[in-house]
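Dear colleague,

Please find below the structure that I am handing over to you. My notes on it follow directly after.

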Amino acid sequence: MSLEWYLALSALLFTVGVIGVLIRRNAIIIFMCIELMLNAANLAFVAISRELGDPSGQVFVFFVMTVAAAEVAIGLAIIVSVFKHRETVNVDEVDSLKG
Amino acid sequence: MEFAGIKSLIFYAFALLTVASAVLVVTVRNIVHAAFSLMITLFGVAGLYVFLQADFLAATQVIVYVGGILVLILFGVMMTSGRLQMRIQIERGQLILGGLVALLILLLLFGVISNTPHWEGIKDDGSTLEPTTRTIGEMIMQGEFLLPFEVVSILLLVALIGAALISRKEVRDEE
């Protein structure tokens, strides 16, 4: 299986994530789509790391996973507290900071 | 070449599984179904990591993403979908515009992939899976990635404390 296949798959996965962020209005679904995009980037990292025979790429993926875990913890805390105050997780209705 | 044929068949199966369930995450109406589709996607990516001989990352993917992040997301779903069962509607204009932007991004990515020279493909000699855990561990704990590792652990600690602080119950002082 050549590298292009993995990169094409990664690009496809990333695009699906982008579509999700752009068209869905539920904050938690948007969150999941961000995870999709992170996974796509990770897949590209691992594929290129294998291609080059250099495990640094895998270490990067390890760090990305850590930051993703931190991001999920903070993001969900924010979403839950927004829901407590406004009773909605629709991103179109949470627009008090809009100018 | 019987072995290679089966291998590429399994690769296609994993790729299809991953992309199809990713599409389901985006399109499905029920948010819990979306979360479970995301689980299938994450498992599919873990399978692809095995294909790329990244066994440590495959295990980490399952443990951290499926075991940690996904459970956290499900908790988020549980805590935010209370009495008002929210309708998840997609506006038509947004769909068209979003699809257009995503198509542009996809074309850009494919253009970059196909126009970059000297990618000959993975030299797949059908060798056995070599464990990568030791290499990665040595790179993190003794090699050049020690400082990033410490920084990222502090980041994680700060993020967790911050998350606890944000989501705690408001305590009013009794005066």
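Of the 175 residues of chain B, 22% count as buried, a residue being buried if 20 or more other C-beta atoms, placed from the backbone, lie within 10 Å of its own. This is a predicted model, in which local features need pLDDT of at least 70 and side-chain atom pairs count only at pLDDT 80 or more, while totals for chains, interfaces and linings use all residues. Residues are numbered from 1 along each chain as its sequence is written, and chains are lettered from A and ligands numbered from 1 in the order in which they are written.

Chain B has a mean pLDDT (the predictor's confidence in each residue, from 0 to 100) of 84, and 83% of its residues reach 70 or more. For the complex, the predictor gives an ipTM of 0.91 and a pTM of 0.88.

Chain B contains six helices and zero strands; helices (H or I, at least four residues) and strands (E, at least two) are DSSP runs, numbered from the N terminus.

In chain A, helix H2 (residues 27-52) has 26 residues. Because 20 of these 26 residues are buried, H2(A) is largely enclosed by the rest of the structure. Gly53(A), with a positive phi near 65°, follows H2(A).

Between the chains, 58 residues of chain A are in contact with 68 residues of chain B, contact meaning C-beta atoms, placed from the backbone, within 7 Å. H3(A) gives the most to the side of chain A that touches chain B, with 21 residues.

With kind regards

Conventions:
Expected span 1.5 Å × (residues − 1). Buried ≥ 20, exposed ≤ 12 C-beta atoms within 10 Å, placed from the backbone. Contact = placed C-beta atoms within 7 Å.
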